[in-house]
Amino acid sequence: MILHVNPSSGLPLYLQIEAQVKQAVAAAALKADDALPSVRKLAADLRINPNTVARAYQNLERDGVIRTVPGGGCYVADGMPGLLKTEKVRRLRPHAQQIAVEGMQLRLAPEEILKLVEEELAKLGGKS
Amino acid sequence: MYAWKCWRDSRLRFVAYLTLVVALPINPTLSPAFRLTDKGWTLLRDSSPVFTNALVESALHAFAGFGLVLFALAGIAMGASGVGDEYKPGSLEYLLTRPRQRRHFVWVGWLVGVIEMLAMTSVSAAVIFSLVFYLSRGTALWRLVALVPLMLVMALVFFGLAYLGTVITREGKNGLAFAVLATLAYLIVSFLLQREWGIELPSFIGLLRPVVDGGKPFAFGLLAFWTAFALACPLAAQWIFERRDI
Amino acid sequence: MSDLAISTQGLVKVYSKLRAVDGLDLSVPRGAVYGFLGRNGAGKTTTMKALLGLVHSDAGSATVLGMDVRQHLTAILKRTAFVSENKILYDGFTPAELVRFNCGFYPRWQVDAVEKLARRLDIPMRQKYGKLSKGNRTKVCLLLALAQNAELLILDEPTSGLDPVMIDEVLRILVEDHVGAGRTVFFSTHQLAEVEQVADWVGIIDHGKLLVEARLDDLRDQFRLILAAGDSLPALGAPNLISATRAGRTGRYVVSRDGEEFAARLRQHGAQIVEIAPLSLREVFLELVRKEEACTPGNAGAIPVSASSLT
């Protein structure tokens, strides 16, 4: 898995890593049970602080995107089977809210906003 | 480890001054033995008491007389070194962040100097001793041997002055000047006090004379004084160095 | 205090009339990679020298690895590795000899680790130090410090003179071998990009005082640039407002926290928010340290910000 972070973007590095992993899973570039590089290896490859990687991995595990094995090693989780649909919807709502608010701020019509979301879903292949 | 560095810095000067202090007293030592023959100058070898005594006396006077000046010069030249000389290059920020107390570096530098001065005085004395022995089989040279620690103390006084001066002025060059000026000042003051009020300040001649000429009792007081002075210099250097900001 | 690798309380160091360090309260957690930032002459080097006993402070105290600097300096130095700003060692020695010289002070030195590191850093080990380029000298200083395997690394401009490839390699070595397992790295640099990559804590010093000390991620989460447009942009004063500039109908505000709240207040006054954007470390640094002229009363140039005001 190739990750890229931009330390000067003002966005915390752990959030960047989380976003990229989630995106990779969503685009099926990472499949269930694929192994992720160890914290130390990823940190060394990216030349960033291992704590940052550890934090990202912790958050990803909390969100059910990855799971850790007791002997060490992180793997992509299996489609989050434990989560109910209501829970998934609840998680996504704040992001939807943000899109709605921003769209209104920019004075885009609701159809234009929805079209934007559809385009992004199409890019990911629309897979669930 | 620091001793190795001190040696590296001083070894060229050490060899130069060692050569000087060994070579210069040789000619005056040998003066009673020179004979002009039709084949040119040769050295006389003779074990007669008259010749032996003459040779021993000239050896002592050469060692003490030349030594007085030579070891003072060598002491000052070798002493203008050590931690004080590391201010200007800027390497103290490295050295003093090694896990040793500051006084460790002051004393190691001084001790390397002690060993160097000891080498100079002993080798010079040994060379003179060998020459006398070779030419006259004279071995009752205990007075020559007794002169070695006295010469060492004297050399260390001058070494200490330059060493302390280097710490005070933060540069070897100026430490050297400090030692020279201090010596001159002392000589002048000494002379004036003697002439105007008849006061005798401690001197090296007073220390050496009982041994060279014999007869007079040995000046233990003077020896104690000069030894204390020689040790006071690195102590003062330590006190100053510990309190400085780098 | 034992969970802090470095801690100072009211540290003061005065040179003639100049207060180089002026009441500094530094807290570096153990295991942190702490970027110590400031302009030239802000007091970074003086602070480091005070931590290592090179200068004697005039007031306040400094504690390193739980020990008072004034009383346990040698014990601190056994467990701390230092790279000084001036990168001066002994010109007459080669790097190989310098390694020999240095390792005499540290009994737990590992020779093969040193050789490996020297190769990775590409150091000419047989050239006299005085003849080395600035970049090579920096590498030798780093070699001596890293090979010590110390609990605490104090590095003053550790990448000065290095080209980008070597900087990258140094960062990699630091991350691989010297971060984690309770080891702390306290470094100062002008290369803010390096700090953003490896640091988790940042402290900004200016005129001998700490302007801000916080987790880097908190700075990223909380500092915001707000661009607004409006006919009569209000002159809002606030403790979290770092700078405000207005030109015509647009206003530019930088806040140290609660960006959304500030934007909402602006909206209440009829302004329209064009953008709320995060700031890079370089931008945060410049905002805090550069004294910009304030456009209106009620605004300040640089306002002292502490970690508590960020949370």
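Predicted model: local features only at pLDDT ≥ 70, side-chain atom pairs only at ≥ 80, totals over all residues.

Q: What are the spans of chain A along its principal axes?
A: The C-alpha trace of chain A covers about 50 × 35 × 25 Å.

Q: And how many helices and strands are in chain A?
A: You'll find 5 helices and 3 strands there. Following the sequence of chain A, they come as α-β-α-α-β-β-α-α.

Q: What about contacts between residues 24 or more positions apart in chain A?
A: Those make up 52% of the chain A contacts that have a separation of 6 or more.

Q: Switching to chain C. What's the strand order in the open sheet?
A: That sheet has 6 strands in the order β7-β8-β9-β4-β10-β11 (chain C), and the pairing is mixed. On average, neighbouring strands are turned by 15 degrees against each other, ignoring direction.

Q: In which sense do β7(C) and β8 pair, parallel or antiparallel?
A: Parallel: β7(C) pairs with β8 (residues 152-156) of chain C over 4 bridges. Within that pair, A81(C) sits opposite L153(C) of β8(C).

Q: Which strands does helix α1 of chain C touch?
A: Helix α1 (residues 44-51) of chain C packs on the sheet and touches β4 (33-37), β8, β9 (184-188) and β10 (201-206) of chain C. The direction of α1 is at about 145 degrees to that of β8(C).

Q: And helix α10 of chain C?
A: α10 (residues 281-289) of chain C packs on the sheet too, touching β4, β10 and β11 of chain C. Its direction makes about 30 degrees with that of β10(C).

Q: Now the largest nonpolar core: which residues have the most contacts inside it?
A: F186(C) and V202(C), in a core of 121 residues. Helix α5 (residues 134-146) of chain C gives the largest share of this core, 7 residues.

Q: What does V202(C) touch?
A: Leaving out residues up to four places away in sequence, V202(C) touches G35(C), L37(C), V195(C), A214(C), L216(C), L219(C) and L281(C).

Q: Last topic: how many residues do chain B and chain C put into their contact?
A: Chain B brings 17 residues and chain C brings 18 residues. On the chain B side, α1(B) gives the largest share, 3 residues. By class, that side has 7 nonpolar, 4 polar and 6 charged residues.

Key:
Residues numbered from 1 in each chain as written. Chains lettered and ligands numbered in written order. Contact = placed C-beta atoms within 7 Å. Helix = DSSP H or I, 4+ residues; strand = E, 2+ residues; numbered from the N terminus. Nonpolar A, V, L, I, M, F, W, Y, C, P; charged D, E, K, R; others polar. Core = buried A, V, L, I, M, F, W, Y, C linked by C-beta atoms within 7 Å. Buried ≥ 20, exposed ≤ 12 C-beta atoms within 10 Å, placed from the backbone. Pairing = 2+ DSSP bridges. Axes fitted to C-alpha atoms, helices over the stretch in contact; angles between N-to-C directions.
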